[in-house]
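Dear colleague,

I am handing over the structure below, and my notes on it follow. Please read them with the structure open beside you.

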Amino acid sequence: MPEKTIAEELRGRGISRREFLKLSGILAGAAGLMEAPIHALAKPINPVERVIQALQTKQRAPVIWLEFQDCAGCTEAISRSQAPTLVDLVLNTLTIEYHETLSAAAGFQAEEAKQAAMKKYAGAYVLVVEGSIPTGDGGVYCTVGGRTAVDLLQEAAAGAAAIIATGNCASFGGIPKANPNPTTAHSVMALVKDKPIINIPGCPAIPEVTAGVIVNYVLFGVPELDSLKRPVAFYGNTIHDRCLRRPFYEAGKFADSFDGVGARQGWCLYKLGCKGPTTYNACATIKWDAGLSFPVQSGHPCLGCSQPDFWDGGGFYQGQSAPLSRPALAAAAAAVGIGAAVGIGAAVINRSQKTHPAVEMAEAPDAKEAK
Amino acid sequence: MNWNAALEFARGPFFYAALIIFIGGMTYRFVRVLLLGWKPDKVPGKGSKLGGVLISYLKGFFIWPFIPWVKNTFTRNPLIYLAGGLFHLSLFIVLILGTAHMLVWKSLLGFGWPTLPLPIVDWMAAAGIAAMIALAINRLIHPVLKLLTGASEWLNLLFVFLPMTTGYILTHHLFFPYEMGFTIHMLTVNILLIWIPFSRIAHFMFYFFSRTIHGAQFGKRAVTP
């Protein structure tokens, strides 16, 4: 592990006090820190001061980044993070020891470097996982250097201080796990039970969120998580909660098609299948490409990519209130048939038990006498 | 608890099963009533049966809901008439002209239709819920109604009240996170769907039977009211 604290590292590189404070501010924002004390009575601590304190006491964290059944989209995304940038991360708070897409080394040398890093930083490194892990047929569907993804994950997880699962695939299984899940793909948290896990779902994960969570972990440890192990700071609100089209939802003004009047007026995309109301993510606030826009803003309904099993959660362009599947005509016909058959059967039994009216009349006095 | 998984169950397999039970159950009730038979008509009628049926429907749809004072039901107990009427009107508007519900019909039938603005549907829903509460209180204090009310009547009220209230809560994002509210709404809807065929809520189908038969009787005797 690097011996110097992060602040000392920076000073050694000739970073001025002004630049240091600016960086602290960026990191505080990125980590989603709020000016709120833990105890209600304590004086609120300025988030920037918290970051400064942490930078002066913490050391740079070694990171091992593994990719399994993924598209490298989350890596692509983080390379476009605006604050903190990937360069900020690599130079200031992290030492990335192994990353298949970003590292210059390849083949056995890279594998050896990873083994060395895992040995050197055992129990201290942050493991970032991108992509789901297939277990079907002995895990043969994803291998790196001749070893299966499950094997590699278990090995790396054993020595990790914490695991950050980035993207929907690593967090919840994502597209590889979608029905019928041919490779029996699993999320990280389904396979690793004994380590702190932070999920950063999304397709891809918002780069600023990935970077912010990594920074937050390095400086302050595991942040507050929700029931799906997502950081509350970024996944505390739904897209719908913070949506710029929300007033149109409240007013009941919905776009009916992608090229209609409603779409041109910027109305709510609920009828076009928006999954915003049940999707927890920071798209509507942090947005994408340096805050330029996000899907709903540019006219496309939210797909719900930061939720578990979003690929099987009903059609992307089907309103969210619609049921997930409609009964096939055959199933409905069978229900009608069974209902009718039982009804006819009951009616036949009733009729056969009914006595003739004349007999009823004759029997009536007897019945009275019996009483 | 992971509400996402619960919601998937409530919107997926559970709704599917509830819908199938609803379809099968309603068919069963329909067949049972149909096979009760029609008494052979041995007396020549004084008037037209068909005319009686037509007039019966016209009055049922257009006169009694809008000119209520021609009916004793209204003058004897205006609360039941007004609250009951409001409740049914609200139910139809919310279920057919509410955007979210239209999307359900669209996914089941394959076609959709224009809907009312949310605020109108919203006020109708609130009115419907208020009407239901008024009817429930009436059931509690009305001396005759009290005697006629058993467990199944209370369950009828409850199973309709729950989807309506949870739907209202869901639309306004009150109390629960959206997916939790959505799950509860779907669960209550599924319970209602299963309950309908085996309860008096199935009256929405038998309404047409009784109106036709009474209309035909009135027409035949030339005493159409």
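How many bridges join strand 1 of chain A to strand 3 of chain A? There are 5, and the two strands run parallel; within this pairing, Val63(A) has Val126(A) of strand 3 as its bridge partner. This is a predicted model, in which local features need pLDDT of at least 70 and side-chain atom pairs count only at pLDDT 80 or more, while totals for chains, interfaces and linings use all residues. Residues are numbered from 1 along each chain as its sequence is written, and chains are lettered from A and ligands numbered from 1 in the order in which they are written.

Strands (E, at least two residues) and helices (H or I, at least four) are DSSP runs numbered from the N terminus, and two strands pair if DSSP finds at least two bridges between them. In chain A, 5 strands form an open sheet with parallel pairing in the order 2-1-3-7-9, and its edge strands, each pairing on one side only, are strand 2 (94–99) and strand 9 (197–200).

Strand 3 (residues 125–130) of chain A is also joined to strand 7 (residues 160–166) of chain A, in parallel, by 6 bridges, and there Val128(A) has Ile164(A) as its bridge partner. Because 6 of the 6 residues of strand 3 of chain A are buried, this strand is largely enclosed by the rest of the structure (buried means that 20 or more other C-beta atoms, placed from the backbone, lie within 10 Å of the residue's own). Tyr125(A), Leu127(A) and Val129(A) point one way from strand 3 of chain A, whereas Val126(A), Val128(A) and Glu130(A) point the other way.

With best regards

How values were computed:
A residue is buried if 20 or more other C-beta atoms lie within 10 Å of its own, exposed if 12 or fewer, and partly exposed in between; C-beta atoms are placed from the backbone.
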